[in-house]
Amino acid sequence: MTWLERVYRESCYNRETREGGAMACARVPLDEQQVTEPGPLGKEHTLPALHPARKEERCFVPYKPPPEDGSPAEAEEFLEHAKFITEDLDWLLALPHDKFWCQVVFDDSLQRCLDSYLHHAPRGLDLAALPSSPAVVDMQRCVHRAVFLTFLRMATHKESKESFLTPAVFGEIIYENFLFDIPKILDLCVLFGKGNSQLLNKMIENIFTQQPSYYVDLDETVPTVLQVFDTILDKCGLYCEGAAAMEPMKLNSQKQRTAMTMSQQDLVDLVLYLCDSTTTIHAFLDIFPAACSSFHSHGFLSRLTSFYESAVPDLENAVRKRNFDDKGLQEDLWKRLSHSCRKIVEMAHLLLHHTCLQPILEGGENMQTFAEELLQHFTSFLPEKRFLSDYDEQFSIADDISLLQQALPLIDETRTSYLLQGVESAWDSVGRRRPHSQTRHQGAAGGAAASSSSGFRVQEERESEGGESLRGAEAMLDVPRKGNNVSSVINTANLICFYEELLPDLGEGFLLACLQEYGYSSELVINNILEDRLAPNLDKMDRAMPRPVKEELPDVLNVRSNVFDDDEFDVFRRDQVDMSRIWKGRRKGESPQELLNDKQHIAEQKARYQAYETVVDEVVIEPGASAEAYDLDAYDDEYDDTYDMSQVGANDLDGDSLLSRRPFTVPQILRKGNKPELEEEGEDEEEEEPLQNNVNRDQFVQDPALLRERAEARRAAMHQRKGFRPEQRPPSSVVGQPKGQGQNLDTFLDRRKKEANKSRGANHNRRNMADRKRNKGMIPS
């Protein structure tokens, strides 16, 4: 049985430790043990098992990565240096439990050696630059194995029934001595994740379980991870929703640097930075899914999708269109960028799977809440057309929605159909067609090659020596040998150029239509063209058709409309502005007295107002001179006014004239006042009486009695014309007969009616209020 198998079987994940076995509890942990050792003078003295005096004096050398150029001298130096590290770590792993922990806790050179390997060890895509020397590859694998075993033993608080640490003390030791922290755990995941995911998962779970403070550190680390994406957006000249978008850009500042304008070295560094960051974060979330909740609580998913939609097209455009002297460098950058895009999509799927889908599959409580959250996330993806199409290509959204409908039949079908239509619209908007058969990742750890984010495919060839896959601690990303042909990334432009060289008589527009028809499959396109078996719609097209030119959208500054357009201070259309006309505050050299004494504007207006000074009533025209010589308009006093009062031609009949149907009518405003026309506009409107000739038009207020008399006369005439008869009410008999002679029934009823209705007039309810006062004793009875 190897040491690794013994650690795996009798580690802290042992059932006896989880159940608190009586035998394990009866033994003394290492942190409570005492040892007796001989002193300097030969006398024995007792020390704690974990004491600095028990540390062995040994110097662990830092790690240096393999040389890139592969010169014999540098390769020999690396082999010798790596041999020292391997021998020291093998010696450390062979120490007993107490000695091992004394060396780990109190030896600073050991921690520097381990940290240097985590910092400088080549990652997966970096291994392509390593030399193909078998000795270098074997030595790198030995160092890789030894470092992983060291970290694995450091994360184990129980190696056997006799060798173990108290869990609480173990958590305090690794936390206070910085044996593990969040950056180290991230590096461990990205370096040793392949082939060791289960061991790493149990190892990290044990660390977080025994020391919950690491969860707090993880929550504080997530904002720093988000800052990575903000930094990349800032370098690309893009503005995000975070802190980078708060600072405004000055108008007179230099043009913002973009991915197309930055230097080639800066672009290379930016792509490498993105690739390393996305690979590391994805490896951590894949191996330790419990961290997904911490990332999800900080809005990591929304920031991830917005970053993908903003930065990825810009970076892809820069890598594809810029001129590189080294085409191998351009191919490597494109491969890393495609790898980064795939990892971002997989990260989004991990967050959705572990925070929303997994609780639904487990059938726990609040399934409806998790389903609603998942649908909300899919809805938030709809504006991100590029990200949505790439996500759907790797992880079918229709499958997830189908799963929701099976688990929760009450899901709104209108909403789900809207989401599916949005996915189809995303594919159409990015100008791509969904492939009929595509390889999908069923889990976050899927190793199959997926199509890259922009429809260009990247295939990662993974080979292992002797046809055997690496297992356990020896597993690491395979080191490709020189001469391995990694498939290059081919985009649409390259495909069209290839077809033009192969079939020069075909136009770019026709080739592009063929690619779109057959799903960008080069084999199908070439085969159908050569065998003349194209689809009917392609067969009818002009084979020399050029590629359609995309109409560029006009600049916003050119189509805007503003009152200040084309003025002397329009900085959007003028390269130079007279700065002498611009100043801040009061103009230098000016004073209020000088401003008031400046009469220049009066002199400028003097000539204009002099034209109004000369007024001539009569102009004497000399005999024989014309009016034009005196700037006078000709005036003809002999105006013929014969037909001014006659309606000449007014009543002539025309085919389309209104006069054929209605007679000519003088407007009411022009009628004379002594001949008004009475018009009835309604039954309730009063008629206007014609003005009398004797009415004084200058009279401001007429006699009211006369006005009432006229109104009564008009009212009576109207009633008479309409046949209205006023109601004849019998006279009231309230007065009745003199007192003592008796009253008839009508008088009695009228009096009672008057008494009951007194409150309808003024002084309402005076009788009731008087009775109320009298009842309360306010008025003596």
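A residue counts as buried when its relative accessible area is under 20%. Phe180, at 1% relative accessibility, therefore counts as buried. The model is predicted. The protein chain has 781 residues, and 33% of them count as buried. Its secondary structure comes to 29 helices and two strands.

**Confidence**

- The average pLDDT of the protein chain is 76. A score of at least 70 is reached by 72% of the residues.
- Helix α6 (residues 108–120) has the highest confidence, at a mean of 93.
- Helix α3 (residues 22–26) has the lowest, at a mean of 38.
- Where pLDDT is low, the predicted coordinates should not be read in detail.

**Overall build**

- Take the contacts in the protein chain with a separation of 6 or more: 67% of them join residues 24 or more positions apart.
- The accessible surface of the protein chain is about 50700 Å². Carbon and sulfur atoms account for 51% of that surface.

**Around Ile185**

- Ile185 sits in helix α9 (residues 182–192).
- Its relative accessible area is 1%, so Ile185 is buried.
- Beyond its neighbours within four places in sequence, Ile185 is in contact with Ile204, Phe208 and Phe284.
- Ile185 and Phe284 are 99 residues apart in sequence. Their C-alpha atoms are 7.8 Å apart in space.

**Aromatic pairs**

- The whole structure holds 22 aromatic pairs.
- One of them joins Phe151 and Phe180, with ring centres 6.0 Å apart. The planes meet at 55°, so this pair is tilted.
- This pair links distant parts of the chain, 29 residues apart. Phe151 belongs to helix α7 (residues 134–154). Phe180 belongs to the loop between α8 (167–176) and α9.
- Phe151 has 1% relative accessibility, so Phe151 counts as buried. Phe180 is likewise buried, at 1%.
- Phe284 and Phe295 form another pair, with ring centres 6.4 Å apart. Their planes are at 55°, so this pair is tilted.
- Here the link runs from Phe284 in helix α12 (residues 264–287) to Phe295 in helix α13 (residues 292–297). The two residues are eleven apart, and the pair links distant parts of the chain.
- Phe284 counts as buried because its relative accessibility is 1%. Phe295 counts as buried at 3%.
- Phe284 and Phe295 both belong to one aromatic cluster.

**Arginines over rings**

- Arg58 lies over the face of Trp91, 4.5 Å from the ring centre.
- Arg153 lies over the face of Phe100, at 4.2 Å from the ring centre.

Note on methods
Residues are numbered from 1 along each chain as its sequence is written. This is a predicted model: local features need pLDDT of at least 70, side-chain atom pairs count only at pLDDT 80 or more; totals for chains, interfaces and linings use all residues. Side-chain values use heavy atoms; hydrogens and water are left out. pLDDT is the predictor's confidence in each residue, from 0 to 100. Helices (H or I, at least four residues) and strands (E, at least two) are DSSP runs, numbered from the N terminus. Buried means under 20% relative accessible area, exposed over 50%, partly exposed in between (1.4 Å probe, protein chains only). Contact means heavy atoms within 4.5 Å. Rings of Phe, Tyr and Trp (its six-membered ring) pair if their centres lie within 6.5 Å; planes under 30 degrees apart count as stacked, over 60 as edge-to-face and the rest as tilted. A charge sits over a ring if NZ of Lys or CZ of Arg is within 6 Å of the ring centre and within 35 degrees of the ring normal. Accessible areas come from the Shrake-Rupley method with a 1.4 Å probe; for residues, only the protein chains shown count as cover.
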